[in-house]
Amino acid sequence: TKEAQVQVDTARISLVHWLQEAHRCGLKMDIAQHLQVKLTTVAAHLAKARKASLEQEHEHLANNIITGAKELEAVADECVRKAKEACSPLAEHEGEEFLAYGSLKLLACALTEHAKITSMPLFEVLRESIPDQGKKRISKECFVACLDALAEMTGHSELCFTEERKLAMFANLDVDQDGVISLTDLRDTFLVKDVCNCHITNRPNASNKCAPKKRPMRQQHATSGDLQRDQRDGGTSVECVRCLPRPNGRFGFVSTCKYGCNVQVEAYSPFNSCVVRAQGALAEANDDLCQARNKLKAKEVELAKLGRTGPAGTLQQDLLQIRQKVIASLAALKDLRKKVERSKDRVTMREQSEQMAYEEVRERRQAAVLMRDLDSILTSLETFAQELSKAAHPMTALATRAQLDAFPRPLDLWDNVEHHHEELLQAAAEVRSLIAKRNASIMRLNPQGGPLLDASVQLEQVETKVKALEAKAENSAAAVQSKCHAIANAWSKVAVDAMRANILRRGLTPEGLFQELAEANDCIAEDAFFSHLASLQELASVRRDHIQVLCWYWRVMDGGDGISRHRFMSLVQRYMVVLKAIAVTDDVDVARSRALRKAKVDEIMEVLEAPNDSNDGLVRIRGRLLTDSLVGWITFRGCQGTFFLKETGKPQYQCKQDTELVKSFACDALETVRILREGEVFEVLEGPKTVECLPVKRVHGKACSDGAVGWFSITDEKGGTLAELETKTYECVSVSALTDGRSPFESSVFRTVEVGEVLEVLEGPLEIAGLTRIRGRLLKDGVEGWLTARDSFGTTYASVSTRHYRIARKMPLHTGFETTTDDSSCVRTLVEGELLQVLEPARDKRVPPSTCLRVAAVVDGLIGWIRAGSENVEKWSSACTCLETSPLLHGPSASAVVLRELEPSETVDLLSNPHETIGEFARVCARKDGIIGWVAIQNDKSCRFRFSGRLHLCFCV
């Protein structure tokens, strides 16, 4: 039609040209009109043909458009089908199979834990749970019974699943859906499945530790797959693990390392995998449907261009229906996505809910294990406490002193009470240790609430009950101990007087009697002490069981296995202090006696014989004055009732700083026994005595190291050497040369030594070719070299210096000749081996006489002499005054049981010397009721007790 139309148009143009030419030439127009009619007829026929052809073309195009639309419809239907298939486990089955998978993993964890506890292989645990162990295939009913048996056999109540869940678990294991499973299928539950995102190699070589090479994502997806690690082989936390890839079933190795943001191995979760597949399928289907919708819209535009009549108009309705169907599919896909999201949230919530329920059940089981046996243990403790209270009741019920004196064998009752008390304390300590271990187990689990936290609270309540029972037992034991102390205190003075009379009668000394009873030991055994007291005629009327209580009391006061020397001496020794100056005579009869000397006020005297009353009312005492060990008689009370002496405690002192204990202060016997440490207590045996000291030689000098100038001592007051004259120091008296070699003829000069420079000898002197050569170091600049001290003609260039001293002991360098105790006059401290140059000759410094005491250390009994002054010693007494309310504890710990509260101003006796205290605690005996315990010397802010009139006291441990 197009070609025909072209020919018609060409003919019409030619006819027009011919008519114009004919009109100009005057030709006839008949032929032209005839041709024009024919052309008009041909054009009409051609228009009809063109119209028919155009309708056929439009019909063909419309059919092609409809065919493409139907293909897009089929693609959309396929995408929706795939999306629905991928979302089916979540959208239709509500994720029940994933919950079943989680239950299977819970079963695997429970059985693994049970296998570890029972030391049984997992396969044997599974076999024992099967009702008919001869079967190799397990049916659905047998599997349900197997789950019930496992829950009962392992004791894990979280394995009690619902019937629906049991069937879902069986369906999860029954992959081939033949209605039966094998033990192998059940055992595969214990395999750890992972997802691998890297290459799997055939050997665990070093290349696995390298970062994976970059590769296209599709290849990475192709190499990814499920990974299985058998827990029974223990490959869970190593760099490379042996794995079994699912696609080919061949074993390989994969790295578990993390490189940057790439995780090589991830834990496999069917739920997460299904969610990923569903989301991917939904996204792909949505993209395909959107493309189909856009293409259909374009086809509608194309079809509209073909017109609204004819075949195109008819097919437009079909295309509209297809497009509406695709749009409906998009809407359905959107609803499916929402349904999947809701199902995913529900499954996640159900998993979390079930996990929380399983965790709670497991925590209840753990809490039950932690609380196991505590009730029976607490009951046994209560039984111990009741037995202790029952044993102590016969003595604690005594109200009067007469009843207490008449009570038979009190020490046997105390032994029984102490036995029950020790049993209770031992059991309580075991309970506290058990509670501590179980609390530690709970803390390792880090509970945020629930049964484990409740168990922790219950353990605290049990511990509180244990402490209450301990306190009750301590009170009962302390009450019996107080009663025994009361019996001992009643006979203590009588027994002490009897021992003193026995010592006087036998002509012994307290030290001699102690050595006799101790039998070369450090203390007197309780049995030996009891035998001695029982043999005294003054105690013949005292009951033997009361004497036993008295010996036990003195041993307990010491806190050891017997009566120590310090305790024994404090019992039998008696001391008096002079109130007024009085004469000391050599006889008890004043008329026949001769005066030895006059006792001064405040002198201390040890009583050797008891007061002797004369007919005229004069009371005389024989004793030993500690000042000079003079023994004589002194008047205790005059005829008119005037007292010249007063009884006082044994003189004891405490070191305020480390003090040297020497055998004697004679210049030729300055042998050190040992060092008395700060806070150590000692007894005065003799003194104080005045000892003349030797003058101290002081030298004004300059330190060669840094040029510090000051005064230092070369001898001390005992005659000891503090600094020695240095003989290996030469002083240059004539200008000389310093060379670099031993021989002056084969060496070169590199420095000139001026007059007055000092050389410290390192080697020599050596005789070389008639020359006296020395190698040394110049103190001025530290240069080392060889120097000629004397040449072959006898000329001296350097001589031994008499103006340098080497420090032998560390001492201070003072600014002035006189020394002071403060640091203001100290330039610095001179160390041992330091060299000083003399600026002024040595001068004698007079040292005032020293006050010395002959003492015995309480801790080990060593005897010697010390220099005593206000700066290094102070008086000490065992009496302590409580400054504030303080607990009396059973042991040296703040968490120990409280025996009772000490009131302010209450007095206690310190049983342990300050150096024997444990940390901040000291062992004391309350004077009020005789209870022995431990007290904290200080609280967080201040001192709690006053010792010897001082508020603050430093104790050495």
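Modeller: Let us begin with the elements: helices (H or I, at least four residues) and strands (E, at least two) are DSSP runs, numbered from the N terminus. Residues are numbered from 1 along each chain as its sequence is written, and side-chain values use heavy atoms, leaving out hydrogens and water. This is a predicted model, in which local features need pLDDT of at least 70 and side-chain atom pairs count only at pLDDT 80 or more, while totals for chains, interfaces and linings use all residues.

Colleague: How many helices and strands does the chain have?

Modeller: The chain contains 18 helices and 46 strands.

Colleague: What is the mean pLDDT of the chain, and where is confidence lowest and highest?

Modeller: pLDDT is the predictor's confidence in each residue, from 0 to 100. Its mean over the chain is 77, with 80% of residues reaching 70 or more. Confidence is lowest in helix 8 (residues 217-223), with a mean of 31, and highest in strand 13 (residues 582-585), at 91. Two stretches call for caution. Over residues 206-240 pLDDT stays under 50, and the model has 73 contacts beyond four places in sequence for them (contact means heavy atoms within 4.5 Å). Residues 947-957 also stay under 50, with 32 such contacts.

Colleague: How is burial read, and what share of the chain is made up of buried residues?

Modeller: Buried means under 20% relative accessible area, exposed over 50%, and partly exposed in between (1.4 Å probe, protein chains only). Of the 957 residues in the chain, 42% are buried. E474, placed in helix 14 (residues 451-506), counts as buried because its relative accessibility is 2%.

Colleague: Which residues is E474 in contact with, leaving aside its neighbours within four places in sequence?

Modeller: Its contacts are H421, L425, H890, V897 and L899. The C-alpha atoms of E474 and H890 are 7.7 Å apart, although 416 residues separate the two along the chain. For the chain as a whole, 64% of the contacts with a separation of 6 or more are between residues 24 or more positions apart.

Colleague: How should I read a sheet, and what is the order of the open sheet of 7 strands?

Modeller: Strands of a sheet pair through backbone hydrogen bonds, either parallel or antiparallel. Two strands pair if DSSP finds at least two bridges between them. The open sheet of 7 strands has the order 28-27-31-30-29-26-32, with antiparallel pairing. Strand 28 (749-753) and strand 32 (798-800) are at the edges with a single partner strand each, so one side of each has no neighbour in the sheet. From one strand to the next, the twist averages 45°. Within this order, strand 27 (residues 736-739) and strand 31 (residues 784-790) run antiparallel, joined by 2 bridges; T739 has W786 in strand 31 as its bridge partner.

Colleague: Why is strand 22 largely enclosed by the rest of the structure?

Modeller: Strand 22 (residues 681-691) is largely enclosed because 8 of its 11 residues are buried. Strand 22 pairs in the antiparallel sense with strand 19 (residues 652-655) over 3 bridges, where Q654 stands opposite V681. Strand 22 also pairs in the antiparallel sense with strand 37 (residues 850-857), over 7 bridges; there, K689 has C852 as its bridge partner.

Colleague: At what angle do helix 13 and helix 17 pack?

Modeller: Two packed helices are described by the angle between their axes and the distance between the axes. Axes are lines fitted to C-alpha atoms, for helices over the stretch in contact, and angles run from 0 to 180 degrees between N-to-C directions. Helix 13 (residues 410-445) and helix 17 (residues 544-558) pack at about 50°, with axes 8 Å apart. The pair is therefore oblique (angles under 35 degrees count as roughly parallel, over 145 as roughly antiparallel, 65 to 115 as roughly perpendicular and the rest as oblique). P410, L411 and W414 of helix 13 make the contact with D545, H546, Q548, V549 and W552 of helix 17.

Colleague: Which backbone details deserve a check?

Modeller: G764 and P765 are joined by a cis peptide bond, with omega about 5°; P765 lies in strand 29 (residues 758-768). A769, in the loop between strand 29 and strand 30 (771-778), has a positive phi of about 55° although it is not a glycine. A769 is exposed, at 59% relative accessibility.
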